[in-house]
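Visitor: Could you show me how to read a few features of a model, one at a time?
Guide: Gladly; let us look together.

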Amino acid sequence: MADRLTQLQDALDQATTQFYCAIRYISTRHEPIALGKEPTVKDENVTPDDPATFEIAKAELAKDLIMKSKQIELLICSLPGIGVSEVEQQQKLRSLEKELQEAEAERKQAVEEKEDMVERLDTVIRSIRRV
Amino acid sequence: MSAEPPGPSSLVSSAFPAPPPFFKHFTPENLSAVKHHKKLGTPTDELPPELQYLIPPPPPENSYRCFGDSWTIPDVLPTLPELGITQLYSDPPTITTATATTATATTTPPPSNTRALSLLRLSKSLLLSYLELISTLSLNPTMSAEKLTDLRTIMINMHHLINEYRPHQARETLILMMEEQVERCRRERDENLKAKEVVKELLGALEGVLGVGLGAGGEERTEDGEGAGERRGVNGEEARERDWEMWRVLEGMR
């Protein structure tokens, strides 16, 4: 999964696409309306949706837009490290580095101790075999 | 770059550009001639033109072009006013054309916090602007250009803010990774210590079974002979019993 910022950027791009799609849908699928007292003109190339479908689709588009917007807000709120300044981050990094070195040293020592023990066991077993 | 030939631009910008025409100048004679000139210390402009191509141009200093984009040295994120975009998220978050103050609000306590807040506000204005665009379109489509630029500005502002946030996230990710590593190190240490304890216990048990002090590994060699000698003295029944017990211990170790 991409990181939060990329998710946010993608969501923003999707929102833009939705904006476009919504306008496009409305402008291509609406019913022709009479202008003043002139008769309604039908465009041969346009096939409007019937009013009920159109309304439902419109509501759905609006809902999707709101959802996307909410998703963007959620992503913003969950951005990592909100409320942490750069200096704090640097300090944290430094202390972590130290901690890591200590842990690494401890780990090495433990491994050595274990190997030592295993070796002793090995010699003991070998001596038993020979007996 | 001074050494660039005045060839057609397609040479530079096509996906797989042909080699620059001056590669033909790299003949052994020319190369030795250049070496000769270098020894003499001839300035580059005084060389014959075909030899000038052989001398690499100086590295770019301020900006360079790569994949059709120009890049600055050092690589910095240009501020919005530099790009000719109105910056919407300076300290007053209302939509004002405040181009004077730059993006780096280093004085305010945590920049990431204000950045997230600005993002939130921008996302709200984005939706609102869209709503305005729709109503403008429905009433007077010719007026929509203005709203469209508004939307564009807001979008660019948001993307810019997100990109500004990137280094922050990079550090945050690094912190997380390091924490994980520390955790892993500690776990490994604990597991090793546990394994050590198990082995130690086994050793103790073995020693108990054999009835001999098989203490340190170093003494093992001498004990080997002693143990064998001692064992010969024990009667067969007892030895077999002891062997069985030992094998059981070894079974359990696996």
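This is a predicted model: local features need pLDDT of at least 70, side-chain atom pairs count only at pLDDT 80 or more; totals for chains, interfaces and linings use all residues.

Guide: Residues are numbered from 1 along each chain as its sequence is written, chains are lettered from A and ligands numbered from 1 in the order in which they are written, and side-chain values use heavy atoms, with hydrogens and water left out.

Visitor: How many helices and strands are there in chain B?
Guide: Helices (H or I, at least four residues) and strands (E, at least two) are DSSP runs, numbered from the N terminus. Chain B has 8 helices and 2 strands, in the order α-α-α-β-β-α-α-α-α-α from the N terminus on.

Visitor: In which sense do strand 1 and strand 2 of chain B pair?
Guide: Strands pair if DSSP finds at least two bridges between them. Here strand 1 (residues 63-66) and strand 2 (residues 69-72) of chain B are antiparallel, with 4 bridges. B:Ser63 has B:Thr72 in strand 2 as its bridge partner. The hairpin has 2 residues between the strands, and B:Phe67 takes a positive phi near 50 degrees there.

Visitor: What span does helix 2 of chain A reach?
Guide: The expected span is 1.5 Å times one less than the number of residues. Helix 2 (residues 51-77) of chain A has 27 residues and reaches 39 Å from first C-alpha to last, close to the 39 Å expected.

Visitor: Which residues in helix 2 of chain A are buried?
Guide: Buried means under 20% relative accessible area, exposed over 50%, and partly exposed in between (1.4 Å probe, protein chains only). Among the buried ones are A:Leu65, A:Lys68, A:Ser69, A:Ile72 and A:Ile76. An α-helix has 3.6 residues a turn, so residues three or four places apart point the same way.

Visitor: Is A:Cys77 buried or exposed?
Guide: A:Cys77 counts as exposed because its relative accessibility is 53%, whereas B:Cys185, at 6%, counts as buried.

Visitor: Where is B:Phe23 found?
Guide: B:Phe23 lies in the loop between helix 1 (10-13) and helix 2 (28-40) of chain B. B:Phe23 counts as partly exposed because its relative accessibility is 45%.
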